[in-house]
Amino acid sequence: MPATNVQALMSLLFFVLALLISRAVVRINEGRWPGGPTLVFFLRMLLGFVFAAAIYFAFYAFAGIDILNK
């Protein structure tokens, strides 16, 4: 499998992970799940990094640049 396809797959997986994290943040804020402001802060920071990774991998996959084997 070409490395750019792997990067595109990783981008999709990171995006799905970002969706799951954002859903957890919303449910914690609504009070459905246990947690406090510290956990919400941590999850929002994690969400930023995961979403940035999804954008990073997607950009290089669409550009056709292999960043995994450098």
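**Figure 1. Helix H1 and its length.** Helix H1 has 28 residues, and 41 Å separate its first C-alpha from its last; this is close to the 40 Å expected at 1.5 Å a residue, where the expected span is 1.5 Å times one less than the number of residues. The model is a predicted one, in which local features need pLDDT of at least 70, side-chain atom pairs count only at pLDDT 80 or more, and totals for chains, interfaces and linings use all residues. Residues are numbered from 1 along each chain as its sequence is written, and side-chain values use heavy atoms, with hydrogens and water left out. Helices (H or I, at least four residues) and strands (E, at least two) are DSSP runs numbered from the N terminus. H1 covers residues 3-30, and just after H1, Gly31 adopts a positive phi of about 95°.

**Figure 2. The buried residues of H1.** Ala3, Gln7, Ser11, Ala18, Ile21, Ala24, Val25 and Ile28 are buried in H1; buried means under 20% relative accessible area, exposed over 50%, and partly exposed in between (1.4 Å probe, protein chains only). H2 is included in what covers these buried residues.

Figure 3. Ser11 lies in helix H1. Ser11 counts as buried because its relative accessible area is 8%. With its neighbours within four places in sequence left aside, Ser11 is in contact (heavy atoms within 4.5 Å) with Ala54, Phe57 and Ala58.

**Figure 4. Close-up of Ala3.** Ala3 also belongs to helix H1. The relative accessible area of Ala3 is 19%, so this residue is classed as buried. Not counting residues up to four places away in sequence, Ala3 touches Asp66, Leu68 and Asn69. Ala3 and Ala24 are 21 residues apart in sequence, and their C-alpha atoms are 31 Å apart in space.

**Figure 5. A nonpolar surface patch.** Phe15, Leu19, Phe51 and Ile55 form a nonpolar patch on the surface, with about 370 Å² of accessible area together. Accessible areas come from the Shrake-Rupley method with a 1.4 Å probe, and for residues only the protein chains shown count as cover. Patches are made of residues with over 30% relative accessible area and no salt bridge; like charges are joined within 9 Å and nonpolar side chains (Val, Leu, Ile, Met, Phe, Trp, Tyr) within 5 Å. A salt bridge is a side-chain nitrogen of Lys or Arg within 4 Å of a carboxyl oxygen of Asp or Glu. H1 and H2 each supply at least two residues of the patch. Leu19, a residue of H1, is partly exposed because its relative accessible area is 46%.

Figure 6. Phe41 is located in helix H2 (residues 37-63). Its relative accessible area is 55%, and Phe41 is therefore exposed. Phe41 and Leu19 are 22 residues apart along the chain, with a C-alpha separation of 16 Å.

**Figure 7. The setting of the close-ups in the whole protein.** The protein contains 2 helices and 0 strands. The C-alpha trace spans about 45 × 15 × 15 Å along its principal axes. The radius of gyration is 15 Å, whereas a compact globule of 70 residues would have a value near 11 Å; the radius is taken over C-alpha atoms, and the globule rule is 2.2 Å times the number of residues to the power 0.38. Of the 70 residues, 24% count as buried. Among contacts between residues at least 6 apart in sequence, 65% join residues at least 24 apart. The accessible surface comes to about 5,000 Å², and carbon and sulfur atoms account for 72% of this area.
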